[in-house]
Amino acid sequence: MSALAAAQQLFADGKVEPALDAVRRVLRRTPADADAHDAIGTMLFRLGRMAQAEFHLARAAQARPDNPVFRNNHANVLCATGRGAAAAAEYRAALARTPAYFPSLVGLARALAITPDFGGAAAAAQQAEIVRPDLPDPYELGAIALTQAGRIDEALAVLARGLERLPEHPRLLTARVGATSYRDDLTPEIMREACVRAGTSWGADERPARAADGREGRRPIRVGVLSGDLREHAVARFWLPIAEHLDPARVAIHYYSTSPAVDPTTDRLRARAAGWTDASLLPSADLLARLRADRLDVLLDLSGYSTGHRQSVLARGAAPVQATYLGWPTSTGVRAMDWRIVDSITDPPGAEAHGTERLLRLDPCFLCYEPPTDAPALPPSVRPGSPPTFGSFNALPKLNRRTLALWARALRAAPEARLVLKAQGFADADARARTLATLVELGVEASRVDVLGPTAGIRAHLEAYSRVTVALDPTPYNGTTTTCEALWMGVPVVTRRGGMHLARVGESVLRAAGFGEWVADDDDAFVAKAVSLLRVGGGGAGGAWPREEVRRQVAASSLTDARAMGARFADALERMEQAS
């Protein structure tokens, strides 16, 4: 066995440092050895040591540019660190040598999705499907790219094709939950079926019978928080104010991060943590064993089916009580998930039928918003010479045809108005063109619409609200962070009440902030409220909407009262533990 093969066997056996040392000895003897650079770079990549991995993988690719494996491995680290365009170039270089090289086809799909070029990503995934139709990756990646582009029917068709070959595959069923949540004809029954099918696919509850340990209030409740978003992210922004106001005499938080990313938000969370585990590289079996060994009272899942989720662990039962919160707006369908934390507006009596978990209603609102400390000053309520403008900064997949048709009605009813749309997905030129074309089909002149891509940093993002007079909430999948941010920037938000959690979050946020009058019961009321607010906010009807008053009311509302929310949340944790 060669020295490199022996090192790779050591790594496979879990002997990480001996494996790395063995390759380093090879490189000391032959510093230009491309195989050794690729070997150690691949190990470091798997360990999440991206900067070191990139150094070695780049050396290997530069030394042997004709080797598609080396080019592919270099591309992997570029893709994992968010450099989609550079990664795509490397994957294409590998494919130029070996056009049917499956790892580079699926890698190209991933890279193009983050560039973003959603159509290109879907095409690359389709090529990968031709090469290996027996694997889930092409279907999953193609469907995710199409979902991000808002092409929901096409995404579901790809997944249906994949599920014909790979029945009940959990990754494909999970992607199906994501795509289904954006359907414009969504009903609670359709959503529940997708969630239950996915949740069942991840496995059965294997928890042993719960043994009492005599806590009975004599020690803090041990709460695990499992998430891939313990960093600057919408989930962390809502969780952080709660976490910082939990009484440590009542609640001890142990974090399990499924992402290696760290930033100042991570530091704030760690500062008050009783424990922290980097679970980003832990296999499911090891994470399950760790969680059980930590003897948690309650395990709180902040992911649902979002990126970094570990439903494969939760489905088997990692703690005596498991609850899902914040990260996903539907049931998980996982039988071992005991609770879902909601409120009486998002999930009124009877909503239990929409999922498999028991509902813990955290009233008056299940959310707590912490406004950014670097939010810009409010712009003038009226900008002379600027037309009144509807706006939405919601994610592209939420802007389905039903939503755009409703907004087109408002624009037709207010011919003086413009519309500004802003989303990460609009960095894709084809996505911008498709959305604009749909609005034109619905009777809105293209000259009245501005479609904007992402901006760098939260401050610049919030400053863009200076262009918006009234924000429009999508339907049926409401905004959450976007609604809170619009309100903080003094912009009224109009929402249409729906029939399930993801279609009622807008109402919950608005009522908590004290603006229940902006909730519409149906399409006609939505249009009427939007146009009325627009004409006041744009300086018509003899006035202008006072942005300062909106921000002042939000700041004084239950939506931002972290101290009270911390106390309610501790009560909720104890209630779930005692009732389970």
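I began with Pro116, which I found in the loop between helix 7 (102-114) and helix 8 (118-131). Helices (H or I, at least four residues) and strands (E, at least two) are DSSP runs, numbered from the N terminus. This is a predicted model, where local features need pLDDT of at least 70, side-chain atom pairs count only at pLDDT 80 or more, and totals for chains, interfaces and linings use all residues. Residues are numbered from 1 along each chain as its sequence is written, and side-chain values use heavy atoms, with hydrogens and water left out.

The peptide bond from Thr115 to Pro116 is cis, with omega near -5 degrees.

Then I turned to Pro476. I see a cis peptide bond from Thr475 to Pro476, its omega near 5 degrees. Pro476 sits in the loop between strand 11 (470-472) and helix 20 (481-488).

My next topic was phi. Where is Glu168 placed? I found Glu168 in the loop between helix 10 (152-165) and helix 11 (170-180). Glu168 is not a glycine, yet its phi is positive, about 60 degrees. I also checked its surface: Glu168 is partly exposed, at a relative accessible area of 40%. For these words, buried means under 20% relative accessible area, exposed over 50%, and partly exposed in between (1.4 Å probe, protein chains only).

My last stop was Leu326, in the loop between strand 5 (322-324) and strand 6 (339-342). Leu326 is a residue other than glycine with a positive phi, near 75 degrees. Is Leu326 buried or exposed? I noted Leu326 as buried, with a relative accessible area of 18%.
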